[in-house]
Amino acid sequence: MKQYNNDFIRLMLGGLLCLFVSACVSDPLADEQYTKKLTLVGAQDELQEKEVKYGSDGEFFVTVYCGGTKMHEDDVTVTLGEADQSNIDNYNYKNVLEGEIEYVALPKDWYTIPSYTSVIKAGERYVRFPVRVDTEKIDTDARYLIPLKIVDSSPYPVNEQADTVLLVKVKMINDYSGNYMMKGTEYPMKNGTPDLLSGTPIEIARTAVDENTVRFFHKSVNEEMPNLDDNGITLTVDKSTGKVSVRPWKSLPVVENSGSGTYQVISGNYGINTRRYVIEYNYINSSNKEMYVSVTLETSEN
């Protein structure tokens with residue numbers, strides 16, 4: 001019994017000693033584990049897509065982040081600037097196939113950054129820089145990039161171990177563009193009316209052209225620039241009536257006055273709305289036959 005009591009006492013003393021030692025050791029996470037450095041958010045992906053709406057003020061934001069395990073206690077001043085053309089050239093070399101449209105720098109007088117210098121307030125992690133694009137100057141079929149980088153920061157440095165240049169891709173949209181599910185059929189014309197027994201399913205994709213117009217590729221041709229002039233169709237929505245004008249983009253032989261349609265937004269459950277086009281048009285195919293196309297396009301979103 002005496003030996004048991006001695007062992008118990010030694011065990012208790014050992015436990016108390018461990019607690020005392022632990023209390024004297026500082027918390028390893030109490031101090032900064034990583035040097036505070038600044039990063040342009042998205043630069044690690046090299047290219048970041050920003051949607052810009054036709055008819056809007058063209059504003060979007062880019063963000064600078066201050067890293068580190070502890071929140072900084074001082075204001076951090078950050079200055080942005082344009083990166084040089086070589087960054088776009090390198091991106092084209094690595095990502096754009098021969099024959100595809102290459103990316104170009106958005107002309108500097110087509111966008112504004114109200115202030116290239118801003119402050120990450122003490123106790124905060126981020127600051128956002130507004131960028132405003134002149135939407136009236138954008139060419140639908142060009143591929144634009146805005147190359148940006150951090151040119152100065154204080155009191156913390158730029159994270160040079162990460163990619164330091166952000167290429168911002170400007171993607172133009174409008175109220176009617178988006179990713180639509182499509183149900184459509186093409187019929188040959190027979191004695192002036194569609195031959196409903198000879199229908200062929202088709203597929204369609206869309207791109208914003210201006211504030212009220214979207215463009216799609218006729219039938220199921222590849223969505224590539226060489227196919228656009230001969231296969232492009234535009235849908236222009238009259239906001240007051242919801243009626244849709246259907247026209248060829250360039251040289252597709254759409255039968256004059258044959259195109260028409262409607263556009264509507266249908267309210268659904270849980271705040272989800274369905275945007276729907278119902279359109280029709282006639283065109284002359286490569287065999288010089290008149291064909292009738294009937295298409296419904298839908299997309300759902302909050």
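## Exercises on one predicted chain

Tyr126 has 46% relative accessibility, so it counts as partly exposed (buried means under 20% relative accessible area, exposed over 50%, partly exposed in between; 1.4 Å probe, protein chains only). The model is predicted: local features need pLDDT of at least 70, side-chain atom pairs count only at pLDDT 80 or more, and totals for chains, interfaces and linings use all residues. Residues are numbered from 1 along each chain as its sequence is written, and side-chain values use heavy atoms, with hydrogens and water left out.

### Exercise 1. The whole chain

Describe the secondary structure, burial, contacts and surface of the protein chain.

**Solution.** 
- Step 1: Count the elements. The chain has 3 helices and 20 strands (DSSP runs numbered from the N terminus: helices are H or I, at least four residues; strands are E, at least two).
- Step 2: Check burial. Of the 302 residues, 37% are buried.
- Step 3: Look at contacts (heavy atoms within 4.5 Å). Among those with a separation of 6 or more, 63% join residues 24 or more positions apart.
- Step 4: Take the surface. The accessible surface is about 18000 Å², and carbon and sulfur atoms hold 49% of it (Shrake-Rupley method, 1.4 Å probe; for residues, only the protein chains shown count as cover).

### Exercise 2. The nonpolar cores

Find which residues touch the most other members of the largest nonpolar core, then trace the contacts of Val62.

**Solution.** 
- Step 1: A nonpolar core is a set of buried Ala, Val, Leu, Ile, Met, Phe, Trp, Tyr and Cys residues joined through side-chain atoms within 4.5 Å.
- Step 2: The largest core has 32 residues, and Val62, Val64 and Ile146 touch the most other members.
- Step 3: Follow Val62. Beyond four places in sequence, Val62 contacts Leu80, Val127, Arg128, Phe129, Val131, Leu148, Leu166 and Val168.
- Step 4: Look elsewhere. A separate core has 20 residues, including Val214, Ile233, Val254 and Tyr277.
- Step 5: Recall the background. In soluble globular proteins, nonpolar side chains tend to be buried together.

### Exercise 3. A loop residue

Decide whether Thr135 is buried or exposed, and list what Thr135 touches.

**Solution.** 
- Step 1: Locate it. Thr135 is in the loop between β8 and β9.
- Step 2: Apply the cut-off. Thr135 counts as buried because its relative accessibility is 6%.
- Step 3: List the partners. Leaving out residues up to four places away, Thr135 touches Val52, Lys53, Tyr54, Gly55, Ser56, Gly58 and Met172.

### Exercise 4. Salt bridges

**Solution.** 
- Step 1: State the rule. A side-chain nitrogen of Lys or Arg must be within 4 Å of a carboxyl oxygen of Asp or Glu.
- Step 2: Glu49 is in strand β2 (residues 47-53) and Lys169 in strand β10, 120 residues apart.
- Step 3: Glu49 is partly exposed, because its value is 41%. Lys169 is partly exposed too, at 22%.
- Step 4: Arg132 and Glu59 meet at 2.9 Å, N to O. Arg132 is in strand β8 and Glu59 in strand β3, 73 residues apart.
- Step 5: Find a network. Glu211 and Lys239 form a salt bridge at 3.6 Å, N to O. Shared partners join Lys53, Asp175, Glu211 and Lys239 into one network.

### Exercise 5. Aromatic rings

Classify the ring pairs Tyr65 with Tyr126 and Tyr176 with Tyr263.

**Solution.** 
- Step 1: State the rule. Rings of Phe, Tyr and Trp (its six-membered ring) pair if their centres lie within 6.5 Å; planes under 30 degrees apart are stacked, over 60 edge-to-face, the rest tilted.
- Step 2: Count. There are 6 aromatic pairs.
- Step 3: Classify Tyr65 and Tyr126. Their centres are 5.0 Å apart with 45° between the planes, and the pair is tilted. Tyr65 is in strand β3 and Tyr126 in strand β8, 61 residues apart.
- Step 4: Classify Tyr176 and Tyr263. Their centres are 4.7 Å apart and their planes at 85°, so this pair is edge-to-face.
- Step 5: Check burial. Tyr176 and Tyr263 are both buried.
- Step 6: Tyr176, Tyr263 and Tyr277 form one aromatic cluster.
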